[in-house]
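Colleague: I would like to go through this model with you. Please set each term against its cut-off as we go.

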Amino acid sequence: MRIHPILAAMTRNKFGAILIVAQMAVTLAFITNSFALIEQRVAWSARPTGLDEANVFVIRASTESREDLEARRMGELAALRGLSGVIDAYLTNEYPLQGSGSSGSISLSPDKTPSMRTSHYLGDEHALHTLGVTLIAGRNFTPEEVTPHHADALPAARVLIVSKALADTLFPKGDALGKTVYVQDGVPSQIVGIVERLQGPNFAATGRFSTFAEDSTIRPSRPINEYPRFLVRVQPGRMVEVMKRAERTLLEHDNEMIMSVVSMKEARAKAYLGNRGLVVLLVSISTALLLVTGFGIVGLTSYWVTLRRQQIGIRRALGATRLNILQHFQRENLMIAGTGAVAGAALAVALNLWMVQRFEMVRMANSQVLGGALLLLVLGQIAAFLPARRAASIPPALATRGG
Amino acid sequence: MFSYYFELALRSLRRNPVLTGLMIAAIAFGIGACMTTLTVFRAMSADPIPAKSHQLFAPQIQNSASTETKPSDESLSTQLTYLDAMALMQAHAAKRQSALYLTDLALRPPDATQKSTYEFTRAAFSEFFGMFDVPFQYGSGWSAQDDADHAAVVVLSSEINNRVFHGDNSVGRSITLDKEAYRVVGVLKTWKPIPHFYDLHTLPFGESDEMFIPFSHAIDKHLILNGSMACPAPPKPSWEGTLQSECSWVQFWVELPMKADADHYRAFLNNYASEQRTTGRFTWPAHTQLRDVPQWLAYNAIIPSEVNILIMVSLGFLLVCLMNATGLMLAKIMGRAGDIGVRRALGASRRAIVSQFLIETGVVGLAGGLLGLLLTAVGLLTARSLLPSEFVLLTHLDAIDTVGTVLLAITATMLAGLYPTWRAMRVQPAWALKAAQ
């Protein structure tokens, strides 16, 4: 099959061909960038917190102020730990996937330089077990190290447990265990334990809070106040039932408590709701874009077939087979779509570079551009097939009639 | 003539239902996607208080050392310390001013069947209501005397008034919040500035304040902050410690009607910061900022980058849809070269052909626009279920959107139809007649 007749036919319909090329180029530019974005967002939403998420829930409560706060909180905590189905529980200040939380600087010397940013969690000796995080070096807090903490500000801590990410940031040689660090006020704290992974309460994927997402510390303190947050870990499969019983138990202790109980699964869904929404919207727009482009090709190719009925008849009468005619239209489409793919790839890269500069956009991988281009070529072939088959069925006799 | 062309257009469109359907669908999809994102964007970037947005200002004062050599926005906090806020309140250098912060109060309804809840409560000064033109259903804001007396008075949103007092005029009645009796002095009409410009630290597009109480009273009662607090150094662990600390957590707004007032206030702020240096509290040159509402919104960059990306994608989508429509229209019109030839041969002028096809594309645009409107409504409903609840308020279509959508569709389609129409105009009657035999 020679290319010449295809080119000759195409030059008679320049505008239509140019339209398809342009349409395919724009489509390619947008779907490849959408793919890149979707891939990035899905990866963000899937970041693990390090917790035993399936079996952990949080009770956020508020009560009236009272004198014997510490005794009350300890009583409530003991009651929660004693519930059947509960593995462990502790009082925390914040929890992963919460949204915003306290963070501050941590440095290697008392004069604050150089300093890194980290999230600060409070917890007692039950914290690691409740969270279900893995201790990879050092030890847990001892009950003697844990202090009650009454106000908003961070308590001073002599010992700290840090996430591996933070340990590696502070001590790139991997010798963080036992080292002394300084948190905010210049008080020295010793790193006694390192956990494999513990995400901070900020789940933001971009912006200044995302730079230390995996960097967190736990201080040996038990927050004692009128707005306690209990973190509870349950035996697998008993979540729903234990959540209800835990709420009832706390009400028995203090009938004025106002509570909201959230499983980590719900917290994750809520945290990434917007992200998921964006992914769904991008997927639907990309699909619609491909459909519209596909139907556009069907429409224009059909028109060309109608326009060239007579010529097709003549070629058939001169000995061209049905396959020849089918191939003519398929190849014509391949040429147009190929041009579109090349132009689209260039446009896609340009758009991506611009968006990287302008918005918080990810760099696109070459494989994504290539994949998108292939997808478009296949789409073109499928869209051209319907009208091409109609063209192939034009009888040679048509050539002798009319004209 | 118009009605004749209109009829011709309908007939022509009916003759090739598949092509017509594809064209209308393409336009409708493009318009639907575009209008959905544009509606959300427009709501997000709207001026929350158009009458006064250039008269309301948020001051900022650098109150901690910065590593940067030159003063920059990075070294400024978006809120003030309690100390600075109180000093600015005392100085009263603006027409109206108010320090603000958000807290929560437990509302335990007298009706025991209703669940107890925590409600967003705004601690503010009496001038807050006048400054922001807050509309009242019953009563009014509290007085400056109430500020001075640290009075337990409250202004309720209409929702809370409906829930607790069944919508009655509750002014003068008592309501129990956090176990304390407050006297209701006013009930608001629905008032939800979007974005929630005066405090962007919690849900800029979400639910807003349900109750308002005097700032002085909230401080007395140690009502804790629901928001964000930035501390250069940890405060002493007590309520008084937080108040005396360099932690910034108080929002502050001033009303400055004229440009000269704003200039004066800038000078005043700088003076204030310089004084802090002479007293030894600051060890750096005075660095302050005063931004009006539009500048404040831009500075806080509250529109998520997702929205910008979606707008780009949907505009690209509309472009593809229109190119598509152009192609299909070309196919359709040129498929009828014979008809055009006949009409031309029978004496129709080029102008007549052009009007005929412009009307035909207009009809396609109208149909696409109406369908697109339907798709926009569906899109907004979908967006409502997909986006976090704080964005739900934004997903509304109003009359302007509706008319705008249809007009956009018609204009865009007619633009897309220009080239095909031009080609139709250029059809040579003799050639077309011969080819159409």
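Colleague: How much of chain A is buried, and what makes a residue count as buried?

Modeller: Buried residues make up 43% of the 403 residues in chain A. A residue is buried if 20 or more other C-beta atoms, placed from the backbone, lie within 10 Å of its own, exposed if 12 or fewer, and partly exposed in between. In chain B the buried share is 42% of 437 residues. This is a predicted model: local features need pLDDT of at least 70, side-chain atom pairs count only at pLDDT 80 or more, and totals for chains, interfaces and linings use all residues. Residues are numbered from 1 along each chain as its sequence is written, and chains are lettered from A and ligands numbered from 1 in the order in which they are written.

Colleague: Why is Arg81(A) called partly exposed?

Modeller: Arg81(A) has 16 other C-beta atoms within 10 Å, so it is partly exposed. Arg81(A) lies in helix 3 (residues 69-82) of chain A. Helices are DSSP runs of H or I with at least four residues, strands are runs of E with at least two, and both are numbered from the N terminus.

Colleague: Which residues does Arg81(A) touch, leaving aside neighbours within four places in sequence?

Modeller: Val86(A), Asp88(A) and Ala89(A). Contact here requires C-beta atoms, placed from the backbone, within 7 Å.

Colleague: How does the radius of gyration of chain A compare with that of a compact globule?

Modeller: Chain A has 32 Å, while a compact globule of 403 residues would have one near 22 Å. The radius is taken over C-alpha atoms, and the globule rule is 2.2 Å times the number of residues to the power 0.38. The C-alpha box of chain A is roughly 105 × 50 × 30 Å along the principal axes. For chain B the box is roughly 95 × 60 × 35 Å.

Colleague: What does chain B use to touch chain A?

Modeller: Helix 2 (17-44) and helix 11 (305-334) of chain B each give two or more residues. Helix 11 of chain B gives the largest share, 19 residues. In total, 41 residues of chain B are in contact with 44 residues of chain A.

Colleague: Why are helix 2 of chain A and helix 11 of chain B called roughly antiparallel?

Modeller: Their axes cross at roughly 160 degrees and come within 10 Å. Angles over 145 degrees count as roughly antiparallel, under 35 as roughly parallel, 65 to 115 as roughly perpendicular and the rest as oblique. Therefore helix 2 of chain A is roughly antiparallel to helix 11 of chain B. Among the residues making the contact are Phe15(A), Leu19(A), Val313(B) and Leu330(B).

Colleague: How do you know that helix 11 and helix 15 of chain B are roughly parallel?

Modeller: Helix 11 and helix 15 (residues 418-425) of chain B pack at about 20 degrees, with axes 8 Å apart. So helix 11 of chain B is roughly parallel to helix 15 of chain B. Thr326(B) and Met329(B) of helix 11 are among the contact residues, as are Tyr419(B) and Pro420(B) of helix 15.

Note on methods. Two residues are in contact if their C-beta atoms, placed from the backbone, lie within 7 Å. Axes are lines fitted to C-alpha atoms, for helices over the stretch in contact, and angles run from 0 to 180 degrees between N-to-C directions.
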